[in-house]
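User: I am new to this structure and would like to learn how to read its features one at a time. Could you take me through them, giving the general idea before each case?

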Protein chains: 4
Amino acid sequence: MDCSIDCSKFKGVIPPVVIPLTKEKTLDLDAFTNTINRMINAGVDGLFFLGSSGEVAFLTDAQRYHILMEAVAIVNGRVPVMAGIIDMETLRVVDQAKRASSFGVDALVATAPFYALGGPKETERHFRAIREYTDLPLFAYDLPVCVHTKLDPTMLVRLGRDGVLQGVKDSSGDDVNFRWLCLQNEDAGHPLRLFTGHEVVVDGAYLSGADGSVPGLANLVPAKYVEQWRAYQAGDWEKVREIQDYCARLMYLTRYVKATVGFGAGVGAFKTALWQMGVFNSNQMREPVQALEGEDVAHIVEILKRANLMDADAPIRE
Amino acid sequence: MDCSIDCSKFKGVIPPVVIPLTKEKTLDLDAFTNTINRMINAGVDGLFFLGSSGEVAFLTDAQRYHILMEAVAIVNGRVPVMAGIIDMETLRVVDQAKRASSFGVDALVATAPFYALGGPKETERHFRAIREYTDLPLFAYDLPVCVHTKLDPTMLVRLGRDGVLQGVKDSSGDDVNFRWLCLQNEDAGHPLRLFTGHEVVVDGAYLSGADGSVPGLANLVPAKYVEQWRAYQAGDWEKVREIQDYCARLMYLTRYVKATVGFGAGVGAFKTALWQMGVFNSNQMREPVQALEGEDVAHIVEILKRANLMDADAPIRE
Amino acid sequence: MDCSIDCSKFKGVIPPVVIPLTKEKTLDLDAFTNTINRMINAGVDGLFFLGSSGEVAFLTDAQRYHILMEAVAIVNGRVPVMAGIIDMETLRVVDQAKRASSFGVDALVATAPFYALGGPKETERHFRAIREYTDLPLFAYDLPVCVHTKLDPTMLVRLGRDGVLQGVKDSSGDDVNFRWLCLQNEDAGHPLRLFTGHEVVVDGAYLSGADGSVPGLANLVPAKYVEQWRAYQAGDWEKVREIQDYCARLMYLTRYVKATVGFGAGVGAFKTALWQMGVFNSNQMREPVQALEGEDVAHIVEILKRANLMDADAPIRE
Amino acid sequence: MDCSIDCSKFKGVIPPVVIPLTKEKTLDLDAFTNTINRMINAGVDGLFFLGSSGEVAFLTDAQRYHILMEAVAIVNGRVPVMAGIIDMETLRVVDQAKRASSFGVDALVATAPFYALGGPKETERHFRAIREYTDLPLFAYDLPVCVHTKLDPTMLVRLGRDGVLQGVKDSSGDDVNFRWLCLQNEDAGHPLRLFTGHEVVVDGAYLSGADGSVPGLANLVPAKYVEQWRAYQAGDWEKVREIQDYCARLMYLTRYVKATVGFGAGVGAFKTALWQMGVFNSNQMREPVQALEGEDVAHIVEILKRANLMDADAPIRE
């Protein structure tokens, strides 16, 4: 295995796809097709399925691969497809890697091992062991809020140089280490494609040298993030920043949820917004999370109206 | 579903079974049979498979159920068998529950949901949702060090009274909340069977009112923990305490490992000890964890000799 | 400095004294005298001032030493007096040590350094440096919930053997490490006097080999903890346990506070109980914490009545 | 107290001053004068004394106010002086506020309360209570790594609108919340002056709308941060970014320290660099922290040479 894996196509805006459900909590295939096409038509550079926002932790394996099969069919080669292979420790992740690969995805995305306690030796060995079982581009998903391990930039660049990793999706919230990761990657010849997962500060990540972003909020406003990426490519920082301010304010919809916290508030708010905007047919969630209701929905609608994503006099959908 | 699920048989010492591997990292069936029989012959009251010590996070589903199938066959009804159904969120755990149940186990053990962030509402709903899919006794596994949620005693007793849970394995390291759990459970009519997972302070848990223990160290010295349980039943606290001091000192074998931290040091030391004691044929670990070597092995041997678990002049096995 | 510092008098029950305030938030000297005499008359073996429960973090230096001056005068040699010298890093703690020493206290109690980040080297050097400035017995206060460093048993015993420390007040909530601390201390010739700060599980700490306890709840029920200590000395474990169950249930008064969390709920509940029991004249707190009110007070009164610490028909004091 | 406190002079680059010590660990007044003048001559917009980098936690009160007295005299009105009033809880902080004010400083900087556990009510009351005792501009210091509380943007802006706070020094490492803080502050009429404390990503903070920065690294390269600020004012983002890359690479000197972690590695590396660059006469630290030595010094020198801050053939100072 070496650096020869081509990953030049991974750049720009690659939203993590939020999954629409019917009221009966099954995949809503119409809405799924709709949301995918809407993002591709807006100009996104790729799509990421089975990430945290894609409710990967909540899906049985059968449900995961049903989604992946449909996703690959709908996308149909128009943009690269990345697939999360999220599981606890190495052998389980390898199992997911094999299975995801069989659906024809373009890249795999794996976190550090979680559940069992370990140290840096186990983390590095984990990625090397996964590489032994796949020829696909492999991205490390730096997500300490879920897996309770922060990936070290020096280790990541070493894995990049050794051809183990081809990129990183950084959702660590650690902008200092992300800057160092960008610089160390640059000094090593740019073996890794570096993406930020923080939709609120994508502009700062671009300033740090990111190759792109994976913004959950792009499910709502894909055209905004595409426009921001293009402004960045053109060196128009004032526009980059202005779009970011718009998106950062829109993100308030996740901040004041009263019914719950965490995933149910964050992705719950995204689903609720997509439902109210008419992209989804419901804001249904998977067990044990419950869909937002009442004043939480009303508050989200208010923010959507302020952002001109709903008409000022549109009624709340029920 | 109601409280009528009989769980009177769950009490006393129920070791979480450590898994022996061959040098090729496959299940060592001879050693597995050996260690199970050794514990049953020592008088343990049950066995717990696919817990954290049973490397559940490191096993593919195929490996998990291979182990469970063999375990049920070897135990052959001599003691109750508990099975971990460890996975990220509710639907995945339900999948594991269905599969484990099909092997004829006597009880299921589930943690709080992990990976995705949630709050107390999601935790409680999680256990209630699992109950909808199984008639087996269900134990909550309180393990914040792995799942990053501490289970609230008041919620646990409520779930006990509602027939959702029949017991708790407490590995939280929070002895204050364990005392409160015992008292609240008592005041509610003892709907839950309460076990401590902390082999170093089982005596304190008995004093708090525990119904038994799930000590990983009992893989090494099952007779000690059985003797301690019987001394407790007889009210002989000085003996309970004296045996505990012996076991607490033996547990030093996990404390000074130099090669790594976490699971590789803890269960790694158990496997190394069982290997050196002749119960296992190797101290092999699963990816990404590596087996202990060199001075770590030598130090463990030294502690085993001090505890009279190896002859003073026995050589180190290699 | 060597091991010759005599600390044989430190054993048994040494409550951390909760401070009564007037409505104007000044020291209520009558109530202070009252609560001290009440505890000494109940048979406690010492008193600890300026600990966390003694609101040390909330007091200016002037207020700290006013309290210490009055405390030494009121106690008047009837029992040993321990004084907290709580501050951020070494030089500030040494300053507090010098000042506290000038009031004629019998021992000093210091935490690990806090605020600035450090490692084990700094922690060990910290205690050694304090020792260079005082001849009084010095106790380490293991309180990770406040200072975010857990003290390592091996380091503590080394500092004991070197005459730096004469004891430990363990409020770490880590009963496994407390057991190891007791065993390692025993094996080193018992250089340290070991106290638990967890009023809910003092019995488990005695079983582990503690030399005594520092229970905040003993401000309410000093006679109970004294009786428990004497039962332990007499080997009557069933009585030790029974008293513990009583105290653990009484401690519920800190668990369901609605107005706030942390110190305001814990010490706030103690002050409210002492006020309702007639030992204090108010439940006033120091800035920025506010006194408990309304339903929180009513709930505490209910628990006091259930514990026979207030008459069933006594009205709520206002 | 109201919004009329003028804080228009607080903007731009305000380094937190690192303190030079003699070999005997006393204030090195010559080097202190030298480093202050060097930064003022480079064009900094203010100086911040007694912050975390200014070893405030390690100083007795006498040492703190000796430093502040000398600092005010040396600065002599050339730039505004901010002073940290760092202590555990409200009354102690008020004491520090009164004392610092008497030296003629231009603004005070306070953290959330620490040591005792509390919640958002106590945090907000804390700042309001401090305001009752001072007329000086008051900045909140958001430093969860030290005080274990993250300040909520909504609360901060409310305190700004109410005239309690005039600014924030954000060292939280949470760039998402910093963006929201900037936007909410803007929407409220900009009552707060917002500074970032993260020298590695100042450019991202400027993009987010920061009014300035408090970079510890500016003790080494004040002219770089001044040049960056001026480039930002001129809208030259490529230059802002290029300078940031230089500074981010220079910051590697804190990353690979072997002797210790935390403050001793971070500020220890700054002092070592300033010593090797000839600005300081030693790299002495305060108890319990020890000065860096040997290979750690050599590695720092190597980075300084790579950054053209030392001649390539300059020897290591000893």
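User: Which residue is the bridge partner of A:Phe139 in S6(A)?

Analyst: As a general idea, strands of a sheet pair through backbone hydrogen bonds, either parallel or antiparallel. In this predicted model, A:Phe139 has A:Gly167 as its bridge partner in S6(A).

User: Which way do the residues of strand S6 of chain A point, and are they buried or exposed?

Analyst: The general idea is that in a regular strand the side chains alternate between the two faces of the sheet. In strand S6 (residues 167-170) of chain A, A:Gly167 and A:Lys169 point one way, while A:Val168 and A:Asp170 point the other way, and all are buried.

User: In what order do the strands of chain B form their sheet, and which of them stand at the edges?

Analyst: The 8 strands of chain B form an open sheet with parallel pairing, in the order S1-S8-S7-S6-S5-S4-S3-S2. Strand S1 (12-13) and strand S2 (47-49) of chain B stand at the edges, and because each has a single partner strand, one side of each is left without a neighbour in the sheet. In chain D, too, 8 strands form an open sheet in the order S1-S8-S7-S6-S5-S4-S3-S2, with parallel pairing. Its edge strands are strand S1 (12-13) and strand S2 (47-49) of chain D, each of which pairs on one side only.

User: Why is D:Leu159 counted as buried, and which residues is it in contact with once its neighbours within four places in sequence are left aside?

Analyst: D:Leu159, whose place is in helix H6 (residues 153-161) of chain D, counts as buried because its relative accessibility is 0%, and the cut-off for that term is under 20%. Leaving aside its neighbours within four places in sequence, D:Leu159 is in contact with D:Glu124, D:Phe127, D:Arg128, D:Val164 and D:Leu165. D:Glu124 is 35 residues away from D:Leu159 in sequence, yet their C-alpha atoms are 8.0 Å apart in space.

User: What can the backbone angles show me in the loops?

Analyst: A:Tyr115 has phi near 80 degrees, a positive value in a residue other than glycine. A:Tyr115 lies in the loop between strand S4 (107-111) and helix H4 (120-131) of chain A, and at 5% relative accessibility A:Tyr115 counts as buried. C:His190 also has a positive phi, near 60 degrees, in the loop between helix H7 (175-187) and strand S7 (193-196) of chain C, but at 26% relative accessibility C:His190 counts as partly exposed. For the peptide bond, look at the step from A:Glu287 to A:Pro288, which is cis with omega near 5 degrees; A:Pro288 is found in the loop between helix H11 (263-276) and helix H12 (294-306) of chain A.

User: What rotation superposes chain A on chain D?

Analyst: In general, two copies of a chain are related by a rotation about an axis and a shift along it. Here a rotation of 180 degrees, with 0.0 Å of shift along its axis, superposes chain A on chain D with an RMSD of 0.0 Å. The two copies are therefore related as by a two-fold rotation axis. In chain A, the C-alpha nearest the axis belongs to A:Gly204, at 2.2 Å from it. By contrast, no contact joins chain A and chain C, whose closest C-alpha atoms lie 17 Å apart.

Notes. Residues numbered from 1 in each chain as written. Chains lettered and ligands numbered in written order. Predicted model: local features only at pLDDT ≥ 70, side-chain atom pairs only at ≥ 80, totals over all residues. Heavy atoms only, no water. Pairing = 2+ DSSP bridges. Helix = DSSP H or I, 4+ residues; strand = E, 2+ residues; numbered from the N terminus. Least-squares fit on C-alpha atoms with pLDDT ≥ 70 in both. Buried < 20%, exposed > 50% of the residue type's maximum accessible area, 1.4 Å probe, protein only. Contact = heavy atoms within 4.5 Å.
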